[in-house]
Amino acid sequence: MPDNLFNKVWKLHEVRKLPNGDSQLFIGLHLIHEVTSPQAFQMLRERGLKVAFPERTIATVDHIVPTKSQVRPYSDSLAEQMMSEIERNAKEFGISFYGVDSGKQGIVHVIGPELGLTQPGMTIACGDSHTSTHGAFGAIAFGIGTSQIRDVLASQCLSMQKPKVRKISTGGRLGKGVYSKDVILKIIQQLGVKGGLGYVYEYAGETFDSMTMEERMSVCNMSIEGGARAGYVNPDQTTFDYIEGKEFAPKEGEFEKAKEWWKSIASGSSAEYDDVFNLDVTNLEPMVTWGINPGQAISVTENIPNPKDMRADERQVAEQALSHMGFEAGSPIEGTKINVAFLGSCTNSRISDLREGARIVEGMKIAPNVRAIVVPGSQQVKAQAEKEGLDKVFARAGFEWRHAGCSMCLAMNPDKLQGREICASSSNRNFIGRQGSPQGRTLLMSPAMVAAAAIKGMVVDVREVA
Amino acid sequence: MSNVTQVAGKAIPVRGNDIDTDRIIPARFMRTITFEGLGEYAFYDERFDSQKKPKKHVFNEKKFSGASILIVNKNFGCGSSREHAPQALAKWGMKSVIGESFAEIFSGNCQMMGIPAVIASEADVKSLQDFVEKDPELMVNINVEEKKLSYGDMSFPIEIPEGKRQSLVLGTWDTTGMLVQNLDRTKKLVKKIPYLNKFG
């Protein structure tokens, strides 16, 4: 049977079948951060185990780092303790660490690609569900728990059951003001937040082919929000061009050989899949979430749906969503007043996201009573943006310009919503309490839509603003 | 590592689809380098208001105290990969969880901790939730070995992937030892992976 990329990469990394029926899968690249790794190192110590392949693990800090000032020690003593712990672990076990003084620190899913660590055909694991991001390169990338981090540290392997593969095939080009974020929100709306259970998603077809690497990363990033543990795009010239010249990319001479191999692992035109889903994005409009999971999304021109019209297993969550959000079924989402605008997160904090946001706010001012922050995904993204003067554009418009980190996506640092604030957010999760206030409310949308909402003080159709 | 052939105890219904790990343990409680003490933060924001006054939530109901089996609905544990979620529930007292379906990272994390996450039909799960609601003292028995759940004189079949079932029953659910044992084979495989060998 002609294999898809997933099956080829899986086979290549399979050490053996385990007695429990799983595969022992070798992990080519292991990324760690400060929140989910300390317990794993502690377990290693307790068992007297070493890190088997320390050169295959890379560490950084993103979740708890403050974004206002990166000067140590942090005012939050718990954050300071976590920071010291990952430094100690990296040193003790011989792991490369990109801390805040490296100039290369940032959200783990932003720095992997920008350093050229993330490459096609790899297996990648990280104690973070958005590890699926790296699939944009044609890698197989899984989010894992802390006990699994321990396994990878101790053996560079995971015990895993092979998932099924669903091809998501799209046709059509995106219209003006419509972005890859809108595509993935549409896919999750269509297939549901449980639709991907048991599957890995292959994103294929005209729409993904014409996307940049950063756009593909935003799509793959949110695979997990659709229940799929991983998602990928087949590597092509766009992928190779992005990687070439990056710090850890194969060097001259080797690069040509790498390219040949990368091409060979892509799914062929006759590759087979366990399932196929087709989507035409020609008429796709900017998307906004109205509820408490990323599947509860509509076009900005649509009205909030009525739970009564939904399937029984979605109705209860929809009713809970309306109650939490304080929204009414049948009313438009456009015009919803916002208090906070957050441009950042592993989904949308890369240079192209910041450029697009800056283009929209240039020469404008954010609405009174709106708090707006831009949090670049990495120190390198921040430096590039400053070189282009984007920081000034944002600052003139009234945005706060911050240091790199996860920030208000999950509010483990001081960046939080207060009370019942509503946030227009370029992040990936609108779960209850996600942005730091148990009553807080999140509207997920593209960075351009966030920028437009900040200017108007409400949800607007970005196509009418810029 | 212990054999987990069955889990018996009082149960607690946690109703609702798509209950995410941010709700199970809000991120601010993960500012820690251990899993100790997480039990008191399980479902914290659903159990307490901003003045720390208890709200209406099954975890606050006295009649369910001492329960060790969670009965949940669809896609439980979706969202973040944080093992802090099952760790918090385990520290609270969870020894097994039965549901209509689970997010995969969550059920995988449970397995890694030796906690059976088992699946049953919507009808069986909902009727068990109703039964336990009415009779919280009801003893529920999850028989992992025979893939059967029983309470009173009732029983219904449960599902768990065969490999996971065997590992629990044989007490081999902690995978580290098994993976480390194969280090020589792993090193041999490394020699065949193009990107680890200059693409030669």
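Me: How are two packed helices described, and at what angle do helix H12 and helix H13 of chain A pack?

Reply: In general, two packed helices are described by the angle between their axes together with the distance between those axes. In this predicted model, helix H12 (residues 351-361) and helix H13 (residues 379-387) of chain A pack at about 35°, and their axes are 10 Å apart. The crossing of H12(A) and H13(A) is right-handed.

Me: Which residues of H12(A) and H13(A) make the contact?

Reply: H12(A) contributes Ile351(A), Leu354(A) and Arg355(A), while H13(A) contributes Val381(A), Gln384(A) and Ala385(A). By class, the residues of this contact between H12(A) and H13(A) are four nonpolar, one polar and one charged.

Me: At what angle do helix H2 and helix H3 of chain A cross, and is their crossing left-handed or right-handed?

Reply: The axes of H2 (residues 38-47) and H3 (residues 77-93) of chain A cross at roughly 45° and come within 10 Å. H2(A) and H3(A) are therefore oblique to each other. H2(A) passes H3(A) in a left-handed crossing. On the H2(A) side, Pro38(A), Phe41(A), Gln42(A), Leu44(A) and Arg45(A) meet Glu85(A), Arg88(A), Asn89(A), Glu92(A) and Phe93(A) of H3(A). The contact of H2(A) with H3(A) comprises four nonpolar, two polar and four charged residues.

Me: How do helix H3 and helix H4 of chain B cross?

Reply: Again one begins with the axes. Those of H3 (residues 84-92) and H4 (residues 104-112) of chain B come within 9 Å and cross at roughly 50°. That angle makes H3(B) oblique to H4(B). H3(B) passes H4(B) in a right-handed crossing. Ala85(B), Pro86(B) and Leu89(B) of H3(B) make the contact with Phe106(B), Asn109(B) and Cys110(B) of H4(B). Five of the residues in the contact of H3(B) with H4(B) are nonpolar and one is polar, with no charged residues.

Me: Let us turn to the backbone. What kind of peptide bond joins Arg72(A) and Pro73(A), and what is the phi of Asp18(B)?

Reply: The bond that joins Arg72(A) and Pro73(A) is cis, with an omega of about -10°. Pro73(A) is located in the loop between strand S4 (57-60) and H3 of chain A. Asp18(B) is not a glycine, yet it has a positive phi of about 55°. The loop that holds Asp18(B) runs between strand S2 (11-14) and helix H1 (21-24) of chain B.

Me: How many residues does the contact take from chain B and from chain A?

Reply: The contact takes 57 residues from chain B and 77 residues from chain A. Chain B and chain A bury about 5,500 Å² between them, with 60% of it on carbon and sulfur atoms. Within chain B, Arg31(B), Ile33(B) and Phe199(B) lose the most area to chain A, together 15% of what that side buries.

Conventions:
Residues numbered from 1 in each chain as written. Chains lettered and ligands numbered in written order. Predicted model: local features only at pLDDT ≥ 70, side-chain atom pairs only at ≥ 80, totals over all residues. Heavy atoms only, no water. Axes fitted to C-alpha atoms, helices over the stretch in contact; angles between N-to-C directions. Helix = DSSP H or I, 4+ residues; strand = E, 2+ residues; numbered from the N terminus. Parallel < 35°, antiparallel > 145°, perpendicular 65-115°, else oblique. Left-handed = near helix turned anticlockwise from the far one by under 90°. Contact = heavy atoms within 4.5 Å. Nonpolar A, V, L, I, M, F, W, Y, C, P; charged D, E, K, R; others polar. Buried area = accessible area lost by both parts, 1.4 Å probe.
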